[in-house]
Each structure stands twice: as structure tokens, then as C-alpha cells.
Amino acid sequence: MNYLLLLCISLAVLMGAARAQSLEELLTPKIAVLDTTKGMSGLQQLANDFERIALAHPKNWHANYYTAYTYTCLAFAAPKDQIDARCDRAQEYLDVAMAIRPDDVENRILAAYLLSARINVNPMTRGASMGRESKVHLTTALEQAPDNPRALYVRGMGIFYTPAVFGGGKKKAKPFLERAREIFDASTDFIPLDPHWGRRETAALLATYK
Amino acid sequence: MACASVTYAQEVPVRGNVIDHRGHPVGGANVFIKGTVYGATTEDDGSFTFHVPSLGDTVLVVRHLAMQAAAMPVTIKADTPPITVRIKPRSTLLDEATVDTRNHRSIDHNRSITLTTMDIDTSPGSDGDVTTALRQFPGVQTVGESGALFVRGGSSEESKTFIDGLEITYPYVTGVPDIAQRSRYSPHLFEGITFSTGGYASAYGGALSSILSLDSRQHPTQSSTVIALLPYGVQGGHDQLFGERTSAGVDVGYSNFGPYYRLINHRTDWTSAPENWTANANLRYSMPKGGIIKWYGYANTSLQAANLPNENDAGRPAYLKVNNRNAVSLFTLERPLAKRAYMYVGYGFNFNHDEYVAASATGSLQAQHQLRFAFRTPLIGSSTIDAGMEGYSVRLSLSDMMAVFDHKGAAWAELTIPAFDRATLRPGLRLDYSSLVAGATLSPRLTATYQLSAADRLSLAWGKYTQQPDYVYLAAMPNISYQRAHHYIANYQHSSGGHLLRIEGYRKDYGALVTTRDDLANDGSGTASGVEIFYRNQQGDSGLDYWLTYSYLHTERTYLDYPTRAMPTFATPHTVHAVAKQFIQPIGVYVGASYSFATGRPYFNPNNPIFLGDRTTAYHHVNVNAALLRKWGNTFITVVAAVNNVLGNRQVFGYRYADDGGFRVPIERPYGRALLIAAFISIGRDRSEEILNQLP
């Protein structure tokens with residue numbers, strides 16, 4: 001009897017492992033492409049790929065997180081009148097990701113990043129209120145993980161685009177961006193599936209200082 | 001084992017294409033087998049190809065950002081024929097799906113004008129006043145001697161104000177006649193300001209012409225302090241957070257217009273310029289599973305006294321002192337229930353005491369309690385129902401001699417039915433009852449909206465609206481009945497990429513208006529019809545925001561003491577506004593300008609045999625303003641300079657004639673060119689938005 005139970009359990013564990021591995025195999029190549037994908041149609045295709053995985057694996061944090069992230073990238077690439085629709089879709093999957101791992105600092109960072117995309121629709125009317133909301137996410141994230149380079153990048157980016165008279169500007173953004181680059185450069189052994197975006201974006205902003 | 005069998009199964013191709021309702025290809029759609037990762041993204045020509053390992057009956061799903069998701073049963077076999085999937089566009093506008101849709105109390109389903117607090121107070125000439133800012137939008141008449149809203153040929157009593165769904169009985173400070181008084185509530189208390197000029201939902205009653213709905217702010221994210229220094233007063237407020245869910249705030253202000261009025265040469269002969277004490281307080285609690293409990297309290301005491309020219313005494317001054325005390329307490333609970341369902345409970349208390357001291361003193365005291373329930377829940381398919389009921393208890397005493405009691409109530413229900421893919425029908429019914437008015441009244445209403453394309457929408461509205469006669473009349477003659485208006489509205493709206501174009505045509509038929517010529521009766525009637533055009537460009541990139549409005553109005557009525565049908569004193573055929581605001585980001589300066597034009601309004605001249613046959617001269621009004629924004633650490637400072645009535649012209653709004661017609665007193669704008677400089681200091685969180693909101 002006990003053996004039978006054990007067999008059942010180990011079979012279940014094995015099958016679970018097999019399934020998880022196949023999921024990792026599905027995600028890894030997509031995440032690799034994500035780093036180099038540009039343009040709306042390429043990103044849309046990736047977003048759809050991640051979305052299919054997320055819908056088939058609703059309990060998987062990575063699948064949901066990457067769907068949300070890719071839609072956020074699409075929002076940054078989209079014309080103004082299409083930003084909100086993409087952000088709404090991103091938020092849908094970010095909500096799921098947050099429910100799966102409520103304490104993951106990356107959720108908070110992505111939430112702040114997503115709000116930055118929304119602010120782009122109309123910085124004048126949205127800047128203050130959504131900027132504040134975004135700041136709350138980032139402050140919490142940086143308290144939890146002061147050396148997370150993505151949190152530093154998103155904060156730096158926010159300051160970069162905030163007019164100097166409102167306490168922002170390129171000068172004030174620089175320390176955050178440089179710190180982010182330092183950490184990106186120092187971290188070489190990242191876990192394959194975990195978020196590692198931001199290096200390219202940080203470099204792009206820092207390039208404007210020359 | 002199951003895994004292995006999947007991996008080694010024979011893969012078969014699934015091919016097809018996705019088209020929209022017009023047969024055009026849809027690119028970028030996500031096509032996949034439900035519950036699996038097998039799928040593909042459609043190409044620009046709508047085609048897709050992918051491979052699946054398993055055979056049999058399954059479901060193919062298509063998702064696209066701008067379209068409704070579709071699912072269709074398919075049978076996968078070795079030679080599956082190409083599949084064509086037709087998907088429908090989403091019925092809501094793409095750019096409408098913003099995060100700012102916290103307002104559950106939809107007033108008139110997308111035909112209303114929604115303003116941010118920022119819109120209100122960066123508008124040149126608005127002086128940080130909600131109703132003054134609204135006057136630059138279509139449908140509102142330019143009535144410079146009043147602070148109230150006159151909408152589409154309706155009198156000021158026909159507009160009602162609600163905060164968080166609860167009625168506000170006296171939204172304006174009571175003052176001496178023919179001087180525009182400010183609305184009581186600072187726009188920075190609200191995050192949603194919605195104004196409907198007709199055809200509103202069944203949840204709203206007691207107003208023949210328009211509804212102004214204000215939604216108080218949600219839970220703040222940080223404690224903060226704000227101080228405002230104005231030439232006529234000071235104001236200080238503090239918001240404190242207690243944990244994650246609870247917050248409380250107080251805001252106290254004192255104003256005395258005396259020194260400022262002397263500075264701008266205010267022409268009114270004030271013996272005591274308006275003096276005000278105001279206190280606002282709020283409590284908010286966010287419930288653990290969504291939903292919020294809010295309390296808002298307001299108290300105000302104000303005094304003003306002036307020598308006003310008496311037209312029946314050859315313009316010699318007559319003293320009038322006006323005292324006003326007002327308090328409001330609003331308690332609301334809003335909570336989302338299951339998907340697409342929500343509930344609301346509100347309790348509102350309004351107290352108002354007016355005292356007029358001239359040769360003798362008169363006054364009125366009104367207290368009103370309101371209890372309101374509302375809920376929304378999905379029905380079959382994607383239809384929903386909104387329903388609710390409310391009860392009022394009102395006591396009004398006039399000059400401490402006579403008191404009126406009114407117990408009134410209403411119940412309503414409204415269905416939202418999506419039809420023919422792109423249309424939405426909203427039939428509704430409202431029942432009003434009052435113990436003071438003879439009988440109950442039933443008001444059917446119907447709205448139909450048709451989405452022409454993602455950016456274009458057509459809507460039609462029809463409805464019956466009723467309003468009790470003013471309590472002053474009901475006190476004298478309790479059995480007069482409801483006044484009524486039928487609205488017929490056709491609206492076209494185009495909105496894309498920061499452009500909004502709205503064209504609206506309407507007709508209003510008034511009936512049973514109160515007449516006072518003989519005995520009080522419901523013998524009045526009237527019509528109002530017109531066309532309004534509104535264009536706003538708010539792209540945000542360049543920091544430029546501008547709008548143009550044109551309102552045409554044709555209206556006639558008999559009511560009160562009118563001997564014949566005539567255009568009322570608060571109406572004019574043509575009104576134009578042009579407003580532009582530019583934010584100069586590098587230097588943190590906001591500049592704005594506005595120009596308003598209106599044709600002359602009728603005034604009563606007893607010497608003219610034609611009743612209301614005279615017209616004033618046309619109205620011209622130009623305002624400019626500038627705001628400098630600076631931030632030091634966590635302190636945010638805004639300095640504002642505004643010039644109201646740049647032209648400095650004398651503007652006559654009308655005349656008051658002596659009974660014998662031998663003398664007249666002009667009703668004028670009481671100042672020439674007026675300069676205002678103010679400073680706002682905010683410590684704590686970045687309240688730049690609210691600071692901007694307070695710009696005069």
C-alpha cells in the first residue's frame with residue numbers, strides 16, 4: 001500500500017518535473033530573443049508566444065511576468081493612442097504574476113516601468129499622479145533590494161525625463177544610471193529564466209551624456 | 001509517460017487566416033489551441049500556420065488587442081482544411097480603456113464632459129472655481145452676474161450638484177445679488193469632475209437641465225501639508241496616513257476680500273467685503289478586498305454687506321447684509337462585488353442657513369438628510385443592470401415663521417444591453433415621489449450608442465426629467481406638481497490621438513413650469529433647441545492644450561411672472577470660447593489665455609411694449625495667466641500670476657428698472673482689469689498636480 005502511494009507520489013513529482021522542464025525549454029529561447037527584438041511586429045509575436053505559455057500555465061510566474069514585460073515593451077514602442085491598450089494587457093498578466101509571487105521585487109519594478117509607459121500618453125495630466133504611484137512601487141523595491149539594477153534604471157529613467165524644475169533632469173539621473181550600469185557589468189552569472197533586462201536601456205540613456 | 005507520448009506524436013499543420021467583420025485581414029493576432037502553447041501570430045495578411053502533435057476535437061482561440069476574443073471548435077486531422085476566423089472589434093474605444101475609470105456612477109454614458117482638476121484650474125479666468133471653469137465648455141450660458149450654471153436655456157435651479165453620488169443643496173456661497181459667488185468646493189478635493197448637459201442616466205433625478213458630479217479623492221499615498229497664500233486669504237491643510245488603509249485630512253481657510261477688492265477697484269460699495277471661514281475634513285478607509293469607505297465634512301460661515309443701488313429710489317444706496325452658514329457631511333461606502341458588480345451606500349446631510357438683513361431681517365434654514373443605495377450586477381450575456389433607491393427628509397424654515405417638511409424618495413433601474421456587436425442600448429425607468437407634491441411621477445429614459453469605428457461614435461438619447469418646484473413655492477402652495485422636460489439629443493463624437501470633436505444637437509420641451517402671475521400653478525411651458533460644437537486638442541507632446549466651443553441656442557418659455565413666451569434673461573443665441581494652455585517644460589512655466597464671446601442677452605424694460613424685447617451689448621472677456629513651478633527637496637512651490645479681463649472693458653449684463661420705468665441700474669461686471677498673484681507651498685509628497693489644480 002505504502003509502496004503504491006510512494007509510486008504515485010514519485011510519478012507525480014516526475015511528471016511535474018518533466019512539465020517544468022518543458023516549460024523552461026519553451027521560455028528560454030524566447031527570453032534570449034527578447035533581448036535583441038526591436039519593432040512592433042517582432043515584439044507582438046513574442047508577446048503572443050509568452051501569452052500562450054502563460055495561458056497554458058496560469059500558475060507559472062515567469063510566463064506571466066514575461067507576457068506583462070513584453071506588452072510593456074510594446075507600449076513603449078507604440079504610438080500614443082495605442083499605449084493604454086497595451087498597458088492594460090500587460091497589467092492583466094502582471095496582476096497574475098503578483099498573485100503568484102506577492103513578494104517578488106521584480107513585480108514592483110515592472111509595475112513602475114509600466115506606469116512610466118502610461119505617463120507617456122500625456123505627461124502633463126498623468127505625470128504627477130502616476131509618477132507618484134510609480135515612485136511608491138520603486139521606493140518599496142529599492143528598500144527590499146537596494147542593488148537591483150532594473151529598479152535603479154527605472155528610477156534613473158524617471159528622473160531623466162522629469163524636468164529639472166520639478167526636481168528631475170539628466171544631472172540628477174546620472175548617479176542612478178551609473179550605479180545600474182556598474183551592477184549590470186558586475187553580474188555575469190544570472191539565472192537563465194530570471195529577469196535581466198535593463199542593461200541595453202541603461203546604456204542607451206547613458207550614451208546621451210556624451 | 002504522457003509527456004513522452006506527446007513529444008513523439010506525429011505533428012500536423014493547422015493553417016488559416018483571421019479577418020475582421022469587414023473581411024480585412026487582421027495581423028498580430030494570437031491564434032492557438034486552447035489550453036496549450038501550440039499557436040502562432042498572424043502575419044500582416046492575416047494568415048497563420050502552426051503545428052500540433054495531437055489529433056481530435058479541440059478549440060481554437062483568437063486574441064487581439066483591438067478585437068473581441070473568439071473561440072471556435074475545430075477538428076484536427078492529418079489534412080485539416082484552412083480555417084477562416086472572423087473576429088469582431090471591441091465595442092469600447094481603444095483609448096478609452098484607461099486606468100482612470102474609477103467613477104462607477106456613469107451619468108450619461110460618454111456624452112458628458114469629464115475634466116481633471118488640472119483642467120479646471122489651469123483654465124485662464126477660472127479663478128480655481130469649478131463652475132467658472134465649466135462655463136468655457138459647450139452648453140453653458142455666459143451669465144456673468146451669477147456663479148451658478150445655466151445650461152441650454154435652463155435656469156440655474158435646473159442644475160444640480162452631487163458629490164460622491166449625494167446631492168449638495170447649496171453648492172454656492174450665498175451672497176448679495178448680481179455678484180457672481182464662488183462654488184463652495186475647491187477642485188483639489190476631487191479627482192473626477194463630470195458634467196452632463198442633458199440626457200443623463202436614471203440614477204439622477206430632480207434636475208431638469210444638468211448634473212455636475214464630483215468624485216472625492218481616493219486614499220493618498222503619503223502624508224503631506226499644503227499652504228496657500230492668496231491676496232484675499234490663507235489656507236492650510238494636512239493629510240495624514242495611518243497605516244496602509246486609513247487616512248485623515250483637515251483643511252482650514254480664511255478669506256477676506258476687502259484689501260483685494262480695494263486694490264482692483266471693485267465697484268461694489270462694500271461696507272463689509274466677503275469674509276469666509278471654511279473647514280474641510282475627510283476620513284478614508286480602504287477595505288481589504290477592494291472598496292472604500294469615505295467621510296467628507298464641510299463647514300463654512302460667511303458674511304458680506306454692501307450698499308446696493310436701489311432702482312426704485314433713483315439709485316440711492318440700500319444696505320444689505322448677507323450671512324451664510326453651511327455644513328455638509330457625506331458618508332459613502334463603495335465596494336466591488338463579484339466580476340462587473342458593485343454596491344454603493346451613501347448618507348448625506350446638508351445644512352444651510354441664510355440671513356438677509358436690510359430694513360428688516362429675513363432668513364431661511366434648510367436641513368436635508370439623504371440615504372442612497374445603488375448596485376450594479378451582470379445579467380444574461382454581457383448585459384448589466386443598475387438599480388437603486390434613495391430617500392430624503394427635508395425641513396425648511398422661512399423667517400422662523402413657517403416650516404415645510406418634505407419626505408421624498410426615488411427608485412430607479414437601468415439596463416445596459418449590448419446589441420448588434422457595436423451598439424449599446426440603455427433603457428431606464430425612474431420613479432419619484434414627494435409628500436409635498438401631488439402624486440408620484442414616472443420618468444422613462446433611453447440611450448442608444450453606436451460605435452461607427454474605433455474613433456467614431458454616434459449616440460441618441462431621449463428621456464423625461466422632472467423637478468419639484470422650489471420649496472419657496474411649495475411652502476406657499478403645497479399642491480403644485482412636478483415641472484418636467486423632455487430631452488431629445490443626437491451626438492456624434494470623434495476621438496483619436498488626443499483630438500476630440502463633439503457635435504451635439506438637442507431639443508428640450510418644457511412643461512408644467514411654475515407660474516406666479518395669478519395663483520401659483522403649473523401653467524408654464526417652453527422649448528430650447530440648439531447645436532453645440534466642441535473641439536479639443538490635447539496631444540501633450542508639445543505641452544499645448546487648446547479647445548474651441550461654439551454653442552447655438554434658441555429658447556423661449558413662459559414661467560414665473562412672464563406674461564408671454566419669450567427668451568429668458570439668462571439665454572443668448574451664440575456663445576464662443578477659445579482657450580489655450582501651454583506648458584514650457586524647460587523653465588517650468590505654465591501660460592494660458594482665453595477669449596469668450598457671447599451675443600447680448602434679453603433684459604426687462606417696462607417701457608418697451610415687447611416683453612423682454614431689449615438686448616444687452618455683446619460680451620467679450622479675455623483672461624491670461626502664468627504659473628511658475630519650482631521644487632526644492634520635498635517642498636513644492638508654485639507662484640501664480642493672472643490677469644482677468646485683460647480688455648478692462650465695462651460689461652453690462654443687464655438692467656434693473658424702477659417699477660415705473662423711470663430709472664434703471666445697470667448690472668455690471670464689478671471690476672475692470674484685475675491682477676492676482678498667489679503662492680502655494682506644499683511639503684511632503686509631490687503634490688504638483690494638486691498645486692496646478694489650484695491655479696487661479
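**Strands of chain B**

Visitor: What pairs with strand S29 in chain B, and over how many bridges?

Guide: Strand S29 (residues 544–558) of chain B pairs with S30(B) in the antiparallel sense over 9 bridges, where pairing requires that DSSP finds at least two bridges between two strands, and strands are DSSP runs (E, at least two residues), numbered from the N terminus. Within this pair, Tyr550(B) stands opposite Val576(B) in S30(B). This is a predicted model, in which local features need pLDDT of at least 70, side-chain atom pairs count only at pLDDT 80 or more, and totals for chains, interfaces and linings use all residues. Residues are numbered from 1 along each chain as its sequence is written, and chains are lettered from A in the order in which they are written.

Visitor: And where does S31 come in?

Guide: Strand S31 (residues 589–598) of chain B runs antiparallel to S30(B), joined by 10 bridges, with His577(B) opposite Ser596(B). Their hairpin has 4 residues between the strands, and Gly588(B) takes a positive phi near 65 degrees there.

Visitor: Changing topic, what is the order of the 3-strand open sheet?

Guide: The order is S4-S1-S7 (chain B), with mixed pairing. Strands S4 (47–52) and S7 (83–87) of chain B each have a single partner strand, so one side of each is left without a neighbour in the sheet.
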